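Student: I have a structure to read and some questions to go with it. Can we take them one at a time?

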Amino acid sequence: MFGGKNPEVLVVGAGPVGLFAALSLARLGVRVEIVDRQWRTRAHSYALALHGQSLQMLGELGLAESIVERAYRVNSVGLYDASDRRAEMRISELGGPFPFVAVMPPDQLERVLERALEQCGVKVRWNHEVARLVTRTNRGVSATIHRLQKQSTGYAIAHTEWVVADTAQLEVVAEVHNPPQRSLPEQVLSLLAEGVVLTRAKLRDALAVKNERLGEALESLERAGRLRRTQGGWQRLD
Ligand SMILES: Cc1cc2nc3c(=O)[nH]c(=O)nc-3n(C[C@H](O)[C@H](O)[C@H](O)COP(=O)(O)OP(=O)(O)OC[C@H]3O[C@@H](n4cnc5c(N)ncnc54)[C@H](O)[C@@H]3O)c2cc1C
């Protein structure tokens with residue numbers, strides 16, 4: 001799909017966070033691709049507020065100036081009870097290189113980031129939805145991506161090293177290539193590679209084990225401080 005060359009990192013989602021992540025990686029020389037299921041940058045109706053620390057991060061990529069010049073600067077925030085002004089937060093007194101909140105339409109921030117990415121030779125692939133991720137032990141991650149047309153076409157890319165994505169919204173399936181000699185806890189740990197969160201049901205399916213056996217392995221790993229239970233599933237701690 002990506003001109004025959006798999007990316008080292010596939011970023012899923014071209015919102016502000018995905019675009020920023022892709023740009024940071026591209027600037028570091030990482031071969032990155034970014035996809036989004038939307039047709040283009042969205043025209044959001046709300047006002048995006050960027051705080052000083054976010055502006056500092058954007059400044060590290062040389063983008064703060066072009067963002068600040070598009071933004072409305074908020075120097076203080078007043079708190080009202082009906083028409084009585086009860087308190088005031090003076091952001092201008094916080095110090096730092098950006099002692100204000102920069103307010104702008106979100107699509108403008110996204111366009112600045114998208115343009116900077118294009119200058120690094122990375123184009124956002126709009127209309128592309130990541131439908132499935134498969135983690136492969138020591139072999140990166142495979143992603144099934146649907147190109148959204150009138151009838152969507154699903155196709156798979158071979159593998160990426162890492163995937164930057166909100167995995168809570170995706171089906172993440174783990175494939176174990178070398179399971180036979182390893183203990184169940186070891187297999188669980190290798191499936192939960194860095195950043196991967198899997199529900200008990202997903203782990204059970206991937207490992208093809210009985211619920212009870214898996215439960216014992218999870219509990220022992222939890223007691224040993226190697227795993228923790230989160231809302232989205234199990235996550236590795238080390
Ligand atoms: C109703 C609402 C009002 C808000 N109001 C404000 C506000 O007034 N001020 C403010 O500063 N912030 C506001 N926010 C917060 C702001 O929208 C978020 O902080 C910001 O958009 C988060 O950026 P993001 O890149 O993490 O996610 P998003 O902007 O949500 O981007 C995620 C992208 O991932 C894509 N995606 C998701 N899954 C897949 C997939 N499987 N395959 C391909 N693409 C995928 C989506 O299409 C989307 O484009 C608001 C949020 C909401 C929901």
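Student: Which residues are closest to the ligand?
Tutor: This is a predicted model, where local features need pLDDT of at least 70, side-chain atom pairs count only at pLDDT 80 or more, and totals for chains, interfaces and linings use all residues. Residues are numbered from 1 along each chain as its sequence is written. A residue is near a molecule if its C-beta atom, placed from the backbone, lies within 6 Å of it, and 19 residues surround the ligand. The closest are Gly13, Gly15, Val17, Arg37 and Tyr46.

Student: Which element gives the most to the shell around the ligand?
Tutor: Helices (H or I, at least four residues) and strands (E, at least two) are DSSP runs, numbered from the N terminus. Helix H1 (16-27), S3 and strand S9 (128-136) each supply at least two residues of the shell. The top contributor, with 3 residues, is H1.

Student: How many residues of the shell around the ligand are nonpolar?
Tutor: Ala, Val, Leu, Ile, Met, Phe, Trp, Tyr, Cys and Pro count as nonpolar; Asp, Glu, Lys and Arg as charged; the others, Gly among them, as polar. The shell has 5 polar and 3 charged residues. Its nonpolar residues number 11.

Student: Which residue in S7 stands opposite Arg73?
Tutor: Strands of a sheet pair through backbone hydrogen bonds, either parallel or antiparallel. S4 and strand S7 (residues 101-104) pair in the antiparallel sense over 3 bridges. Opposite Arg73 stands Ala102.

Student: Is Val209 buried, partly exposed or exposed?
Tutor: Val209 lies in the loop between helix H6 (200-207) and helix H7 (211-223). A residue is buried if 20 or more other C-beta atoms, placed from the backbone, lie within 10 Å of its own, exposed if 12 or fewer, and partly exposed in between. Val209 has 17 such neighbours, so it counts as partly exposed.

Student: What is the C-alpha to C-alpha distance between Val209 and Leu184?
Tutor: Two residues are in contact if their C-beta atoms, placed from the backbone, lie within 7 Å. Leaving aside neighbours within four places in sequence, Val209 is in contact with Leu184, Arg204 and Leu214. Val209 and Leu184 are 25 residues apart in sequence, and their C-alpha distance is 8.9 Å.

Terms used. Pairing = 2+ DSSP bridges.
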